[in-house]
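Hello,

Here is the structure we talked about. Please have a look, then read my notes below.

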Amino acid sequence: MQRGVILTMALALASLAGRPAAQARPDFTGTWTAVKDAPATLAAAPSAVFGARFELRHDGQTLTVIRPLRDTAVTATHTLDGSEVKTRVPGGLCMGDTAFVTSAAWEDGAIAYRTVALVPAGGGAPTPLSVKHVFRLADADTLIVESTMRAARDSAPRAVGTVYRRTADPIKVAERRVDVQPSPATIGQVAWIPGVWFGTAGTSAIEERWTPAGGGSMIGVSRTLRNNVMTSFEFLCIAERDGSLVYTAMPNGRTPPTDFTLTRIDADSATFENPAHDFPKMIRYTKRPDGALEAVISGDASQRAVTFVFKRQE
């Protein structure tokens, strides 16, 4: 009996030894930079299909994709099972944040990365997308990203690819510095600001013009006139950022612009603050009961607050 059991176990082990080992899945971790080499098995894309540079952090069933965007980067972390993830994309100057819905999953030893939808700034129904990129390692330091493109509107899509080489320089993710606690809000909560407003300050006439909200932001311009001569002007905007609102001011077109973060809001007023700025540190707009628009700017305790009252041009 014992000899039979031993013989059976030996045969089973011999059978397992004869089978090929399960192929280990590759590790895609690295910072990848596009090069001009053409892929071996498909046409080269006219431009880098996944951007000039990106970073992948791969740990088993988890993939984090980091893509540069202006002075920061967008980071999306996926489970490699095709589940969808919504990732905020910071808006540019005077533009509201958008978001992309993406997924990632294993596909024949490669990773299929799909962009499923675009969530527009300011809300609204997501726009369905059907964009697929396939990450495939050619060797330890060479990544092929495959996609499809159309040469013309009516032509059939064709497979193209871009060759990326592994580099040691990671993508830097800069966080926007905020010295105050943002108040949650959407652009629709300041829908009483748009319009054409006129006021005075001593012998000067002041005008502010604000567009209606659209795409998660509203644009404004201010000018000051004295004796029919423009003495100053300012470009302004309010945009949705990271679940709150940011008021951006560019006096006399100055760059870089100055951001003020929404800290308090109710049905009739909105307060924006930037403690690090010299003056003003606070800007507050209030809808007065008589229909006028009041704007207050203030600094620290030693600086006098200034109040402007505007009447709407009908």
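How do the residues lining the second largest pocket divide into nonpolar, polar and charged? They split into 16 nonpolar, 8 polar and 4 charged. Ala, Val, Leu, Ile, Met, Phe, Trp, Tyr, Cys and Pro count as nonpolar, Asp, Glu, Lys and Arg as charged, and the others, Gly among them, as polar.

First, the basis. This is a predicted model: local features need pLDDT of at least 70, side-chain atom pairs count only at pLDDT 80 or more, and totals for chains, interfaces and linings use all residues. Residues are numbered from 1 along each chain as its sequence is written, and side-chain values use heavy atoms, with hydrogens and water left out.

Back to the lining. Ser222, Thr224, Glu234, Ile297 and Phe308 lie nearest the pocket's centre, out of 28 lining residues (those with an atom within 4 Å of a pocket point; a pocket is an open set of points on a 1 Å grid over the protein atoms alone, where a 1.4 Å probe fits, with protein on both sides within 12 Å along at least five of seven lines). Strand β15 gives the largest share, 5 residues.

Strands pair if DSSP finds at least two bridges between them. With β10 (residues 142-149), 8 antiparallel bridges form. Strand β2 (residues 43-44) runs parallel to β11, with 2 bridges.

Last, threonine 72 sits in β5 (residues 72-79).

Best wishes

Key:
Helices (H or I, at least four residues) and strands (E, at least two) are DSSP runs, numbered from the N terminus.
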